[in-house]
Amino acid sequence: MAVDTQRVEALVRELLIAIGEDPERPGLKRTPQRVAEAYAEFFAGLDQDAGEPLSHPISVSRGPEPETVPSGAVMVRDIAFRSVCEHHLLLFRGVAHIAYLPGEEVVGLGALPKVVDILAARPQVQERLGEQIADTIEHALDARGVLVVLDARHGCVTMRGGRQPDATTVTIAARGELAEPAARAELVALIGGTRS
C-alpha cells in the first residue's frame, strides 16, 4: 500500500486549520504537499519486503571463495538510519550495528543497510525495529546467530516533555548463539572500539 499523498495533503491542511493557522498563508501554502512528499519517503518501507535484499546469498562452501570459510562473525557498524516514532509521529535517528554468525551462506555487505532502510521506513518503535532486523537476517540467511544494536536520538525525548537534547536510546536484539550475553561480549566491545 503506497502512501496516499493526496489524502495526506488534505489532512495536513486540516491540521493547520486545527492548530489555528491559515493554510493559504504564503509560507504554508505548499506545506501540505511538502509533508505528503516527506511522508511518502518516510513510510516507503510499508510496501517493501525487508528480506528481498538478502534474497541472493552466496554459498560459503560452493561460492567464489570456498577456501575462505568464515569462522567468526561478520559485522557492519555505523549504519545510519532514520525512522518515525509511531507514538508521536516524530523522527528518531541513529546508527545500527549488525553482526551475524554465518551458517552456509553469507550476503553482500551492502544488503544489510538495505534491510535497515526498509524496516525503518515504517511507523516504528526502536525496540521492534531491532527485533525485526534480527528476525529478517536470521530467517533469510539461516544464521547461527544475529546481533543488532541500535543507538538513536528520539524527537519525542529531545524536543518535547523533558527535552533532553543529548539523550540516546540503545536497544539490543540477539538471536541464536549470540543470545547469551557472554557470547556477544566481544562483538559489543567491537562496536565501541576504534575505527580506522
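This note walks through the predicted model point by point, from the whole chain down to single residues.

1. **Ground rules.** The model is predicted: local features need pLDDT of at least 70, side-chain atom pairs count only at pLDDT 80 or more, and totals for chains, interfaces and linings use all residues. Residues are numbered from 1 along each chain as its sequence is written, and side-chain values use heavy atoms, with hydrogens and water left out.

2. **Fold elements.** The chain holds six helices and seven strands. Both kinds are DSSP runs, numbered from the N terminus: helices are H or I with at least four residues, strands are E with at least two. Their order along the sequence is α-α-β-β-β-β-α-β-α-β-α-β-α.

3. **Overall dimensions and burial.** The C-alpha trace spans about 65 × 35 × 30 Å along its principal axes. The chain has 196 residues, and 38% of them count as buried. Buried means under 20% relative accessible area, exposed means over 50%, and partly exposed lies in between (1.4 Å probe, protein chains only).

4. **Charges.** The chain carries 20 positive and 28 negative charges, and their mean positions are 8 Å apart. Lys and Arg count as positive, Asp and Glu as negative; His and the chain ends are not counted. Each charge is placed at NZ of Lys, CZ of Arg, CG of Asp or CD of Glu.

5. **Contacts along the chain.** Take the contacts between residues at least 6 apart in sequence: 68% of them join residues at least 24 apart. A contact means heavy atoms within 4.5 Å.

6. **Cysteines.** How many disulfides does a search of the whole structure find? It finds zero. Cysteine 85 is in no disulfide, and its nearest cysteine sulfur, that of cysteine 156, is 4.6 Å away. A disulfide needs a pair of cysteine sulfur atoms within 2.5 Å. For cysteine 156, in turn, the nearest cysteine sulfur is that of cysteine 85. Cysteine 85 counts as buried because its relative accessibility is 6%. Cysteine 156 is buried too, with a relative accessible area of 19%.

7. **Glutamate 104.** This residue sits in the loop between strand 3 (91–101) and strand 4 (105–106). Its relative accessible area is 35%, so glutamate 104 is partly exposed. Its side chain makes a polar contact with the side chain of serine 59 (2.5 Å). A polar contact is a pair of N or O atoms within 3.5 Å; within protein, one must be able to donate a hydrogen and the other to accept it, and residues adjacent in sequence count only if both atoms are side-chain atoms. Arginine 30 is 74 residues from glutamate 104 along the chain, and their C-alpha atoms are separated by 52 Å.

8. **Glycine 108.** Look in the loop between strand 4 and helix 3 (111–120). Glycine 108 is partly exposed, at 36% relative accessible area. Glycine 108 and leucine 54 are 54 residues apart along the chain, with 8.2 Å between their C-alpha atoms.

9. **Leucine 101.** Leaving out residues up to four places away in sequence, leucine 101 touches Gly72, Ala73, Ala143, Arg144, Gly145, Glu177 and Leu178. The C-alpha atoms of leucine 101 and histidine 139 are separated by 13 Å.

10. **Threonine 171.** Strand 7 (residues 169–176) contains threonine 171. Threonine 171 has 12% relative accessibility and therefore counts as buried. Its side chain makes a polar contact with the side chain of glutamine 126 (3.2 Å). Not counting residues up to four places away in sequence, threonine 171 touches Gln126, Glu127, Val148, Val149 and Leu150.

11. **Positive phi angles.** Aspartate 142 is not a glycine, yet has a positive phi of about 50°. It lies in the loop between helix 4 (126–141) and strand 6 (145–154). Aspartate 142 is exposed, at 61% relative accessible area. Arginine 163 also has a positive phi, near 45°. Its loop runs between helix 5 (155–158) and strand 7. Arginine 163 counts as exposed because its relative accessibility is 57%.
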